[in-house]
Amino acid sequence: MQQYFISYLCAVENVASQKEAAARLRDQLEITSAYHDVGLRPRLDVLQAQVDLGTSERELITQENTLQTAQAKLNTLLGLAATDSVAYQGVLTEPKFTLTLDECLERAYRLRPDLYVGYKAVEMAVKDRLIARSGYYPQIEAYYNITNSGNTLDLQRAGDNSSRSTTWEVGAQLSWDVFQWGTTYFSDQQAGWLVAKARNAARQLMLDAGYDVKEKFLALREAGKRIQVARQSVAQAREAYDAALAQYREQVGTNFDVLDASSKLLTAEVELTQARGDYLTALSSLYTAIGEYHPELL
């Protein structure tokens, strides 16, 4: 559910970026058209601006469709009709994650339910083998007996001629069936094989869990680094666009420079949104691999 909501938030950000890009291209078309009308720019610049604006508007339609699809998916997961208009609230954030890989592994080995089941399977197999090996040892049974006797109905003294006595008997009995040792031996061997099998399965579960945690941990670290790089790229691309637009207005730059700078700015913004979405997805996946539930992630 969290991952679908993250996809929805990414779609919201992409639609906003695409609308901003379309607005930039629309302004550029107006500027280019005005320069063309007074003979300062050729018709080619106007055509280029029109083509880029049309491409941006088509991409905006695609992004809006992606957003509506993501919203319909969320509605379905929440038990709502796909056509219901629901105002989902949330923004792409980057919660700090301070655990080391060793700490993540320690928590996973302690909290993951599949590992807990594996540990219990080994424990039960060991107990079953102890039961199977009990045939090697003698069986000791303890007993005691109390006997009351007398010449009255209630076995109590009730007169001069009445009598009553109590006899206690305590003992232990040892039995040892040596003729069943062959059967016990094979039962013990079978139980030992089951113990080894359970231990191997538990060990494999631990190895798989360790790989799963490390894979998600590295993906989270990668996404965090990509966010830093993408932020720098957005700042640089925006500065480049502003410079290209200023040069174009001063008649020292070309229309292509402005359109290219606008395209690169949009690409940088989309990459930043993707990196932020990947960060949240990786964080959610890492918590799942650890065995922790964090519904407050977003």
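Biologist: Which residues touch the most other members in the largest nonpolar core?

Modeller: This is a predicted model, in which local features need pLDDT of at least 70 and side-chain atom pairs count only at pLDDT 80 or more, while totals for chains, interfaces and linings use all residues. Residues are numbered from 1 along each chain as its sequence is written, and side-chain values use heavy atoms, with hydrogens and water left out. Of the 32 residues in that core, F97, C104, V213, L220 and L286 touch the most other members. The largest share, 13 residues, comes from α6.

Biologist: What makes a set of residues a nonpolar core?

Modeller: The members must be buried Ala, Val, Leu, Ile, Met, Phe, Trp, Tyr or Cys residues joined through side-chain atoms within 4.5 Å, where buried means under 20% relative accessible area (1.4 Å probe, protein chains only). A second, separate core of 14 residues includes F5, A70, Y88 and L280.

Biologist: Which residues does L220 touch, leaving aside those up to four places away in sequence?

Modeller: With contact meaning heavy atoms within 4.5 Å, L220 touches F97, Y279, A282, L283 and L286.

Biologist: How do you know that the span of helix α2 agrees with its number of residues?

Modeller: The expected span is 1.5 Å times one less than the number of residues, so the 35 residues of α2 (residues 43-77) should span 51 Å, and the end C-alpha atoms are 52 Å apart, which agrees. Just after α2, G79 takes a positive phi of about 80°.

Definitions and conventions:
Helices (H or I, at least four residues) and strands (E, at least two) are DSSP runs, numbered from the N terminus. Buried means under 20% relative accessible area, exposed over 50%, partly exposed in between (1.4 Å probe, protein chains only).
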